[in-house]
Amino acid sequence: MILQGWTLILVFTLLVILITKPMGSWLFRVMAGGRTWLHPLLGPVERAFYRIAGVDPDRDQGWKDYAVAMLAFSAAGMVLLYAQQRLQYYLPWNPRGFAGPAPHLAFNTAVSFVTNTNWQSYSGESTLSNFTQAWALATHNFLSAATGIALAFALIRGFARREAAGIGNFWVDLTRVTLYILLPCAFVYALVLIAGGVPQTLAGSAAATTLEGARQVIVLGPVASQEAIKMLGTNGGGFFNANSAHPFENPTAWTDFLQMLSIFSIGAGLTWCFGRAVGNVRQGWAIFSAMLILFLLGVAICYWQEAAGNPNLHALGIAGGNMEGKEARFGIAASALFATVTTDASCGAVNAMHDSFTALGGLVPLVDIQLGEIVFGGVGSGLYGFLLFAILAIFIAGLMVGRSPEYVGKKIEAREVKLALLAIAVPPLVILGFSAIASVTRAGLAGPLNHGPHGFSEILYAFSSAVGNNGSAFAGLNAATPFYDGMLGAAMFFGRFFMIVPMLAIAGSLAAKRRTPEGAGSFPTTGPLWVGLLVGIILIVGGLTFMPSLVLGPVADQLATINAHLE
Amino acid sequence: MPRHEQPGISMFRRDLMLPAIGRAFVKLDPRLLWRNPVMFTTGMVALLLTILLVAGQASGSLAFRIQLAIWLWLTVIFGNFAEALAEGRGKAQAASLRAAKAQLWAKALSGAGDACRKVPAELLRAGDLVLVETGDLIPADGEVIEGVASVNEAAITGESAPVIREAGGDRSAVTAGTRVISDSIRVRVTQEPGRGFLDRMIALVEGAERQKTPNEIALTILLVGLTIIFLIAVATVPGLAFYARGDVPVPLLAALLVTLIPTTIAALLSAIGIAGMDRLVRFNVLAKSGRAVEAAGDVDVLLLDKTGTVTIGDRHATEFRPLSGVSEGELAEAAYVASLADDTPEGRSIVALAREKYGVKEAPLPADAESIPFSAHTRLSGVRTARLLLRKGAVDAVLKTVPEQTDSSAATELQRISAEIARSGGTPLAVVSNRRLLGILHLKDVVKAGMRERFAELRGMGIRTIMITGDNMLTAASIAAEAGVDDFLAEATPEDKLALIRREQQGGRLVAMCGDGTNDAPALAQADVGIAMNTGTQAAREAGNMVDLDSDPTKMIEVVGLGKQLLMTRGSLTTFSIANDVAKYFAIIPAIFVAFYPGLAMLNVMRLASPQSAMLSAIIFNALVIPSLVPLALKGVKYRPVGAGELLRRNLALYGIGGIVAPFIGIKAIDLAVGGLGLV
């Protein structure tokens with residue numbers, strides 16, 4: 001069993017390495033505006049969009065214009081999505097006649113999908129119409145993902161360009177990413193999933209008679225199409241409340257494996273794209289390696305803990321690992337791997353209940369999210385989040401070798417340090433601040449189903465997931481209340497946009513600089529030393545910030561388990 | 001490395017320590033403390049605890065709370081002390097410089113004549129003319145406009161051998177406070193009062209004019225950012241703990257905050273900068289700003305003006321090459337006589353060589369001899385008597401005097417020898433007696449001793465050296481090879497120099513330039529780091545952002561090393577400071593939370609005696625680490641030219657890993673001491 005588990009993790013790792021370059025070179029071509037084999041088909045569509053929208057595709061935007069375009073687009077998306085939900089009763093494809101969800105729930109869902117979080121306070125199959133799911137939400141699955149990738153492109157251009165005023169055109173990036181990457185990938189991927197047994201229909205449900213003769217209504221819908229982009233765009237919002245643990249979303253071990261791989265595909269590809277753009281693919285592989293190390297660390301701890309199981313149950317003669325909250329179809333290894341992958345990236349799809357993990361096994365997804373989901377990460381957001389840490393790491397490393405710090409030829413100066421810190425300070429502020437508010441207010445304390453440190457973990461996880469735009473839930477927290485819908489909605493909003501604006505400012509400031517050629521005195525950012533330093537800085541800065549909260553949550557929980565203070 | 005370094009002022013002299021301790025308390029003034037946000041935060045926390053202590057509002061034993069407050073104050077005071085000590089060392093150095101400036105009087109000239117009146121030096125303005133005679137101190141920085149004098153510049157360079165200062169040429173700059181020991185000169189003052197060389201030097205070492213360098217500003221922002229992040233982490237603890245019905249007393253939160261924020265590096269940051277400037281002055285280099293020193297650490301390319309920097313500056317005769325049919329003695333005799341009246345260093349070297357190597361007897365010029373001075377027009381000089389016309393000069397100029405021999409075998413041989421000498425990097429001078437071609441004098445640029453090794457060292461630091469010269473390609477190539485520079489630019493005009501610097505800068509490289517002449521001034525100004533030689537002109541000294549008082553171009557090595565050292569010291573101590581937090585967490589977190597989650601006692605990996613002792617030990621460690629790192633901050637982290645990867649590996653192991661391990665040991669030791677002394 002154990003050997004099989006490690007083999008699964010190893011094979012998965014190898015496949016991630018294999019897909020990185022093909023995915024990366026495709027991304028690079030789209031970013032650079034090159035032709036792909038899809039151009040004969042989609043080129044006219046792309047140009048038609050620009051004509052209708054009045055966009056000049058050749059006009060470069062400075063970082064402020066880029067940011068304004070992105071913010072305006074997201075704001076419009078949020079308003080529209082809110083309206084579509086509230087009015088779903090009057091809109092088509094509503095076979096089961098659902099009324100519009102409550103305002104706080106609709107608000108939460110609107111923010112959630114526009115920020116690429118896909119936190120689901122609603123229960124899909126019992127709240128939302130097919131139109132809302134397959135059109136309104138799925139649109140944002142594409143567009144929020146495309147926005148993330150566009151933003152990563154903007155930052156990559158900041159590093160790659162010399163003495164340039166612009167960092168690209170948001171409308172062009174958005175259109176190209178959607179047309180040439182997300183749509184074709186999702187289309188093929190959905191077909192594969194259908195072949196794997198995932199339903200795709202506009203019918204509301206099927207009726208069946210069970211063996212005992214009882215009548216059972218089985219909810220169906222356009223699942224495969226939503227499933228594909230849910231993974232690919234690291235959205236994570238499932239058609240069913242049970243998400244990828246549901247047999248219709250994730251029927252077999254193969255679909256499960258494919259889903260995990262697709263979560264990492266674009267995030268991994270972007271590292272290669274970065275290296276290619278700055279003129280040295282080894283720069284990209286260095287980032288990839290640091291991410292891979294963090295991933296392996298996480299999955300190793302998580303799987304080890306889950307496979308070890310609960311000592312208290314062992315004492316009672318129940319042998320084996322922790323199977324609570326896991327699908328028997330997937331088992332411990334595939335669940336631990338899925339949990340690590342989905343939280344390393346800001347996907348948030350789940351195939352097991354993270355709440356039921358052992359305390360330290362559950363600590364891994366939580367820490368992954370709190371570090372900023374920068375291990376391959378959310379599409380686009382993973383890379384730019386990681387590069388913010390790289391800026392801090394290179395600043396300290398640069399000083400230590402006695403040279404003004406520079407990364408891929410760009411001098412890192414006071415302005416970049418300030419902006420990077422601004423962006424990095426947002427998650428701790430919102431996660432810890434909001435968790436603290438939830439811990440001292442009646443409405444907040446009403447949320448967790450458990451008491452003691454585990455209940456606290458549930459609150460901490462919810463806000464971490466929201467700020468990190470992950471969207472996975474620890475479960476065990478009743479979040480469909482005005483308090484949590486509102487707070488989590490705000491957390492998702494801050495977590496996304498308060499990071500993006502300083503990040504784009506960095507892109508603009510870097511693009512304007514000249515590039516220094518690598519010299520003997522400059523510190524090489526391609527070797528193992530750099531990779532180690534990156535991992536160290538991320539773990540120490542991230543770890544130090546969240547340690548008190550982690551000690552009060554999962555660590556206290558674990559020690560209670562060991563000391564058998566079962567609460 | 002410290003080849004040039006003068007003995008500094010001992011670090012812990014009592015007369016420096018005592019005032020520094022006093023100043024450490026004065027610096028508690030919030031208006032002064034505010035400039036260092038991290039220490040200001042620490043001060044505020046200390047103040048808060050003191051207020052709570054007086055108001056009796058906090059939990060925990062009284063002795064514990066008193067000690068906590070005391071150690072927090074000490075943390076701030078230790079930081080202030082480090083800064084005050086660094087400033088004190090600079091002040092002591094400034095005092096000795098001030099002595100040179102003490103009371104300067106000037107003999108102000110009003111017109112062309114020698115009529116002058118005595119005025120105090122501080123009344124002199126730029127443009128005034130002064131007369132300086134034997135034994136006088138030069139009253140202000142300026143330029144010699146008339147006369148030659150030997151000047152003792154020991155007051156600023158520490159070198160007592162006199163130097164020549166003369167009007168025109170590249171040695172016309174004089175510095176206030178130096179003494180004329182022979183002859184008299186007229187000097188035009190070039191500096192407004194209070195902005196002179198000595199004034200700047202004094203201000204620099206005192207730290208009065210110290211502005212934060214770009215990297216220092218960025219680092220300060222990083223430290224403030226980390227402080228804010230830790231403030232968030234600590235401020236939310238009571239809220240989070242409330243969930244567990246836990247109550248976290250304010251003193252404990254205060255202790256947690258102060259140990260987490262990067263107090264170590266923040267306390268030592270300005271001391272590092274001040275000490276760096278102080279070290280620079282001891283290298284006999286005067287920088288106009290700290291920014292220039294920091295930039296020196298980043299230099300990729302070093303341009304050196306050949307004459308006066310790479311070579312001694314004067315060409316010396318090394319060999320006489322007679323044509324066939326002419327004896328060596330005959331040529332030497334002619335060269336000797338032709339050069340007797342020539343007072344240039346070249347002429348003197350010909351005379352010396354003729355006597356020493358070729359045994360020409362010392363003889364005065366014939367009474368009727370008339371010297372022919374060198375003119376740019378003829379490019380010839382020599383001696384004329386009634387029956388003899390001896391001339392020497394550039395080969396083509398000499399050949400022009402005998403046009404009928406242009407195609408003779410003598411002329412061909414002359415040109416062959418001359419080409420040979422030029423190829424070897426020398427300068428050929430032809431000698432003609434009446435109308436007879438005698439041969440060639442071989443003049444050579446002499447490369448300063450030890451250049452090759454020093455340039456190799458620069459290469460090790462990753463710096464490419466380019467020699468710039470007005471010489472032709474052949475000469476330049478040969479000298480470049482002899483000196484061991486990486487590249488050279490021959491037949492360079494001032495415009496070429498500028499263009500080269502711009503081209504390198506366009507390529508993203510940081511350029512340093514060493515030069516001394518007025519024609520170097522534009523290049524010195526354009527370069528990112530311009531080092532003017534002190535022997536150079538006032539124009540060069542103004543254009544550069546550093547002046548090397550020893551006029552040694554390879555001083556760049558020390559300056560680069562110092563610039564790197566400054567950054568490395570800051571980076572290493574920052575790493576140390578952050579790495580320390582790991583152990584502090586393991587001391588304080590269990591101490592705070594164990595009250596409501598007893599299981600967390602397992603996290604007390606250091607087995608500290610009690611929560612109060614753990615907290616106090618962490619705070620004491622945090623405070624004591626500051627004074628114990630003061631020597632390192634003032635001396636700087638060691639720099640070796642070994643490549644960036646190797647440097648990082650070393651510093652990361654020492655200050656990163658060391659920074660994680662050291663506090664585990666330190667806090668445990670202090671905990672044992674606290675327990676042993678019964679402090680809590």
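How many aromatic pairs does a search of the whole structure find over all chains? The search of this predicted model gives 33.

One pair joins A:F12 and A:F257. Their ring centres lie 5.9 Å apart and their planes meet at 90°, so the pair is edge-to-face. The two residues come from distant parts of the chain, 245 residues apart. A:F12 belongs to helix α1 (residues 2-31) of chain A. A:F257 belongs to helix α9 (residues 253-277) of chain A. A:F12 is buried, with a relative accessible area of 0%. A:F257 has 13% relative accessibility, so A:F257 also counts as buried, the cut-off being under 20%.

Aromatic residues also gather in a cluster. Its members are A:F434, A:F463, A:F483, A:Y484, A:F493, A:F494, A:F497 and A:F498. Elsewhere, a charge meets a ring. The charged end of A:K326 sits over the ring of A:F357, 4.3 Å from the ring centre.

The largest nonpolar core holds 324 residues. Within this core, A:Y407 and B:F593 touch the most other members. Helix α21 (residues 556-593) of chain B supplies the largest share of the core, 18 residues.

Technical notes. Residues numbered from 1 in each chain as written. Chains lettered and ligands numbered in written order. Predicted model: local features only at pLDDT ≥ 70, side-chain atom pairs only at ≥ 80, totals over all residues. Heavy atoms only, no water. Core = buried A, V, L, I, M, F, W, Y, C linked by side-chain atoms within 4.5 Å. Buried < 20%, exposed > 50% of the residue type's maximum accessible area, 1.4 Å probe, protein only. Helix = DSSP H or I, 4+ residues; strand = E, 2+ residues; numbered from the N terminus. Phe/Tyr/Trp six-rings, centres within 6.5 Å; stacked < 30°, edge-to-face > 60°. Lys NZ or Arg CZ within 6 Å of the ring centre and 35° of its normal.
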